[in-house]
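Here are my notes on the model. Please keep the structure open while you read them.

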Amino acid sequence: MLIVLFVVVLFYVLEQHAAYHSPLYGAELEWTPRKQGLKDLREWAAQKAMEEARRAELLRNLNTEKMVVLGRDIVHGRGLCFNCHKIGEAGRGTQGPDLVDIGARAGNRVAGLSDVEYLAQSLYEPDAFTAPGFRPTMVPANGPPVGLDDLEILMVIAYLQSLGGTPTITPNTKLSYAAESAARVQ
Ligand code: HEC
């Protein structure tokens, strides 16, 4: 019995000690009571693991249709697009064009650019072409304040295509704006 108790206590002490020296934990120590900090750290780690699992699951099952739905969530939410745009009845922004039929006209905006290419350019390099009647105030969607990643931008493009057009984006669509190069779409 005593031995069991001893082992339990030993494990507890070792665990506290390990957590105390964890580099992740370092910053919290200065201002949070240690116990609370540990609890937060565990919750944070658990949440992070869940997010990663969810993301992996999502990636495994991703298709055009789901990308449209997820892209809509971004555009209508944390993408902050509605600060400057509206989409028909949704959103109030007037700094940029109403995107209600962007899927229909994206392919006719710039000679030589397909709808996907034009939408990618609008998001990664908004100043390359300024929509007539507007001022070039849009910031790249992959930079601050929103900082969408390449996959999220693909989802946004899929959604924008669906507004009056036909989504063709898949998880494997390659845009040469993505990651290393900053030229045009392949
Ligand atoms: C700070 C304001 C602002 C924000 C935020 C913003 N935009 Fe824009 N956007 C503009 C302006 C202004 C234009 C027109 C000028 C230009 O073409 O650069 C534009 C143009 C566009 C165009 C081209 C429209 C056309 O008719 O050719 C697309 C597509 C677009 N934005 C999508 C988005 C999406 C998607 C988001 C969110 C991820 C977003 N924008 C966020 C201001 C903004």
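1. First, a caution. This is a predicted model.

2. Next, the largest nonpolar core. It has 29 residues. Those touching the most other members are Leu 119, Ala 120, Val 156, Ile 157, Ala 158 and Leu 160. Helix H4 (64-76), H6 and H7 each give two or more residues to this core. H7 provides the largest share, eight residues. In soluble globular proteins, nonpolar side chains tend to be buried together.

3. Now pick out Val 156. Setting aside neighbours within four places in sequence, Val 156 is in contact with Gly 71, Ile 74, Val 75, Gly 79, Leu 123, Ala 141 and Leu 148.

4. How do H4 and H7 cross? Their axes come within 7 Å, at an angle of roughly 95°. Angles of 65 to 115 degrees count as roughly perpendicular, so H4 is roughly perpendicular to H7.

5. Finally, the residues where these helices meet. On the H4 side they include Gly 71, Ile 74 and Val 75. On the H7 side they include Val 156, Ala 158 and Tyr 159. The residues of this contact divide into ten nonpolar, three polar and two charged.

How values were computed:
Residues numbered from 1 in each chain as written. Predicted model: local features only at pLDDT ≥ 70, side-chain atom pairs only at ≥ 80, totals over all residues. Core = buried A, V, L, I, M, F, W, Y, C linked by C-beta atoms within 7 Å. Buried ≥ 20, exposed ≤ 12 C-beta atoms within 10 Å, placed from the backbone. Helix = DSSP H or I, 4+ residues; strand = E, 2+ residues; numbered from the N terminus. Contact = placed C-beta atoms within 7 Å. Axes fitted to C-alpha atoms, helices over the stretch in contact; angles between N-to-C directions. Parallel < 35°, antiparallel > 145°, perpendicular 65-115°, else oblique. Nonpolar A, V, L, I, M, F, W, Y, C, P; charged D, E, K, R; others polar.
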